[in-house]
Amino acid sequence: MEKIKVGIIGIGFIGPTHIEAIRRLGFVEVIAIADHGLESAEKKAAELGIQKAYGDYRDLLNDSNIQVVHNCTPNHLHFSINKEIMLAGKHVLSEKPLAMSSKESAELLELAKKHNVVHGVNFNYRQFPIIHQLKTMINNEVLGKVNLVHGSYLQDWLLYETDFNWRLAPEVVGKSRAIADIGSHWCDTVQYVTGKRITEVFADLATVIPVRKKPKFNGSTFGTEKTEDEIYEEVPINTEDYASVLIRFEDGTRGVFTVSQVSAGRKNRLSFEIDGSKASAFWNQEEQEKLWIGHRHKPNEILQADPALFSTEAKASIHHPGGHNEGWPDALKNMMLNFYTFIRNGKNPQCDQTNFATFEDGHLSMCITDAILESHEQQKWVKVQVGQEVHS
């Protein structure tokens with residue numbers, strides 16, 4: 001069978017991780033990349049062993065051999081490039097956030113339906129094997145009735161005032177940073193695993209470091225000493241480092257989560273606990289192979305990722321024996337496997353159920369982010385609005 005041909009737009013951190021995950025599938029081939037400028041694209045193509053390089057993504061979209069395009073560009077380019085990918089008649093897998101606003105994401109979702117392309121958003125945390133196992137446990141009422149959902153997503157990469165990155169610029173990332181960047185992953189994961197939608201929020205956001213020091217130079221100049229004032233320029237920051245959000249789900253279940261990019265020692269700690277009427281379950285992405293299960297009348301348990309212990313539904317997502325831990329790259333591989341199997345099998349995104357996040361999930365994520373920003377601004381509960389529909 002002929003391999004599915006793929007193009008990647010954007011080769012920063014996330015682009016090469018997409019390529020690595022795709023190459024593990026066997027039936028998909030990345031044949032082209034596009035980056036900002038031909039020289040840069042050709043250099044990265046040579047490093048990654050990709051046969052074609054384009055200095056303009058539009059040239060990649062005009063390549064008739066490419067069937068699927070991954071959008072791995074910065075946030076502010078997601079809407080326009082996703083739109084052009086679909087108008088070119090190609091299937092699309094986008095990094096999140098899907099767009100810069102729910103108005104834009106609604107337009108993308110409508111366009112995806114109109115052109116009947118397969119559309120995905122890289123919410124890869126829902127693809128961990130043990131998350132699939134927990135989902136089946138909840139579906140089978142092993143935890144009983146879900147009463148509470150609480151957790152956090154904590155990082156420390158912006159702890160110091162001298163930490164600076166393009167994600168700090170509102171014109172690039174949008175009005176929200178911590179919520180849109182990592183809070184979106186937390187919300188998607190808990191909605192997926194519980195099967196419940198977040199319908200109302202009450203948010204408190206803060207910019208912990210309101211002024212940061214941006215390096216003026218990429219590197220030091222030999223033989224020249226500079227004072228700190230000469231090395232850095234002060235830049236006002238208008239997006240949040242921290243947020244805590246009370247949430248309500250569609251069935252009345254309550255919850256709360258905190259996100260932070262200034263929590264020392266926490267590298268990429270997405271975690272949540274689901275408290276049910278029979279038992280509780282806790283998961284932490286930094287120890288992704290373990291699921292803590294809490295009881296009242298017997299000792300608590302630690303379930304380790306092991307296909308021999310998993311439900312039938314969850315076994316397809318785990319690929320190695322127990323003790324051979326699968327991590328973040330493997331969850332990304334599962335995302336790619338599910339997305340490309342859907343395409344290979346000729347399924348219809350209009351009527352066939354997907355086992356990966358779609359533009360519908362990406363649009364819902366944008367609607368939740370918009371509601372959180374509105375709630376913080378107005379300091380009140382705000383309902384999540386999805387198009388004309390209002391979740392209540």
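This is a predicted model: local features need pLDDT of at least 70, side-chain atom pairs count only at pLDDT 80 or more; totals for chains, interfaces and linings use all residues.
Visitor: How many residues of helix 6 are buried?
Guide: Helix 6 covers residues 129-139 and is mostly covered. Among its buried residues are Pro129, Ile131, Leu134, Lys135 and Met137.

Visitor: Is glutamate 141 buried or exposed?
Guide: A residue counts as exposed when its relative accessible area is over 50%. Glutamate 141 has 51% relative accessibility, so this residue is exposed.

Visitor: Which residue in strand 12 stands opposite histidine 150?
Guide: Strand 12 covers residues 254-260 and runs parallel to strand 7. The two strands are joined by 7 bridges. Opposite histidine 150 stands valine 256.

Visitor: Is tyrosine 340 buried or exposed?
Guide: Tyrosine 340 lies in helix 11, which spans residues 328-344. The cut-off for buried is under 20% relative accessible area. Because tyrosine 340 has 0% relative accessibility, this residue is buried.

Visitor: How many Å apart in space are tyrosine 340 and valine 28, C-alpha to C-alpha?
Guide: In sequence, these two residues are 312 residues apart. Even so, valine 28 is among the residues in contact with tyrosine 340, and others include Ile4, Phe27 and His70. From C-alpha to C-alpha, the distance is 7.6 Å.

Visitor: Is the peptide bond from lysine 96 to proline 97 cis or trans?
Guide: Proline 97 lies in the loop between strand 5 (91-94) and helix 5 (102-115). For the bond from lysine 96 to proline 97, omega is near -5 degrees. This peptide bond is cis.

Visitor: What is the relative accessible area of asparagine 116?
Guide: Asparagine 116 lies in the loop between helix 5 and strand 6 (119-121). Its phi is near 55 degrees, a positive value in a residue other than glycine. Asparagine 116 counts as partly exposed because its relative accessible area is 33%.

Methods:
Residues are numbered from 1 along each chain as its sequence is written. Side-chain values use heavy atoms; hydrogens and water are left out. Buried means under 20% relative accessible area, exposed over 50%, partly exposed in between (1.4 Å probe, protein chains only). Helices (H or I, at least four residues) and strands (E, at least two) are DSSP runs, numbered from the N terminus. Two strands pair if DSSP finds at least two bridges between them. Contact means heavy atoms within 4.5 Å. Lists of a residue's contacts leave out its neighbours within four places in sequence.
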